[in-house]
Amino acid sequence: MIDQAFTFRERDGILYETEESLRHRIRAEFLFPEDLDIDFVETSTAELGELHGWAYSAFSDATVRVKGKGYRWSGDMLVRAPSFDEEW
């Protein structure tokens, strides 16, 4: 069973998903170890909804680096994106 726990931070009356929450979701979805470092290049927060009377925003997609390699994450897909690799 995949742990899909979200963590939010309130700002101006809206709950926003934290970056650590997204890291946790990516690690859980793709069975990465919890100590695997995931760096964000860019993120989008387009998923809006209501939770127990609060408006919230969750990440809908992101560009990340894992061990220096670039990837695009969107929902349940992680696709290699070499143009976002770290330059050595």
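Buried residues have under 20% relative accessible area and exposed residues over 50%, with partly exposed in between (1.4 Å probe, protein chains only). The views below show a predicted model, in which local features need pLDDT of at least 70 and side-chain atom pairs count only at pLDDT 80 or more, while totals for chains, interfaces and linings use all residues. Residues are numbered from 1 along each chain as its sequence is written, and side-chain values use heavy atoms, with hydrogens and water left out.

**View 1. The open four-stranded sheet.** The strand order is S3-S6-S7-S8, with antiparallel pairing. Strand S3 (38–44) and strand S8 (77–80) are the edge strands; each has a single partner strand, so one side of each lacks a neighbour in the sheet. Neighbouring strands are turned by 25° against each other on average, direction ignored. Strands (E, at least two residues) and helices (H or I, at least four) are DSSP runs, numbered from the N terminus. Two strands count as paired if DSSP finds at least two bridges between them. In general, strands of a sheet pair through backbone hydrogen bonds.

View 2. S3 and S6 are joined by six bridges in the antiparallel sense, and Ile-38 has Val-66 of S6 as its bridge partner. Six bridges also connect S6 and S7, again antiparallel; here Val-66 is opposite Lys-69 of S7. The hairpin of S6 and S7 has two residues between the strands, and Lys-67 in this hairpin takes a positive phi near 55°. Strand S7 (residues 69–74) and S8 run antiparallel and are joined by four bridges, with Ser-74 opposite Met-77 in S8.

View 3. Helix H1 (residues 19–29) lies across S3, strand S6 (61–66) and S7, and runs at about 110° to S3. Such angles run from 0 to 180 degrees between N-to-C directions, with axes fitted to C-alpha atoms, for helices over the stretch in contact. The largest nonpolar core has 10 residues, including Leu-22, Ile-26, Phe-40, Val-64 and Trp-73. H1, S3 and S6 are the elements that give two or more residues to this core, and S6 gives the most, with three. A nonpolar core is a set of buried Ala, Val, Leu, Ile, Met, Phe, Trp, Tyr and Cys residues joined through side-chain atoms within 4.5 Å. Five of the six residues of S6 are buried. Leaving aside neighbours within four places in sequence, Val-64 is in contact (heavy atoms within 4.5 Å) with residues including Ile-26, Ile-38, Phe-40 and Tyr-71.

**View 4. Salt bridges.** A salt bridge is a side-chain nitrogen of Lys or Arg within 4 Å of a carboxyl oxygen of Asp or Glu, and the count by this rule is six. Glu-17 and Arg-25 form one of them, with the closest N and O atoms 2.9 Å apart. Glu-17 is buried at a relative accessible area of 6%, and Arg-25 is buried at 9%. Glu-20 meets Arg-27 in a salt bridge (3.2 Å, N to O); Glu-20 is partly exposed at 43% relative accessibility, whereas Arg-27 is buried at 7%. Glu-20, Arg-23 and Arg-27 are linked in a salt-bridge network.

**View 5. The Asp-61 and Arg-72 pair.** The side chains of Asp-61 and Arg-72 form a salt bridge (3.2 Å, N to O). This pair links distant parts of the chain, Asp-61 being in strand S6 and Arg-72 in strand S7, 11 residues apart. Arg-72 is partly exposed, at a relative accessible area of 30%.
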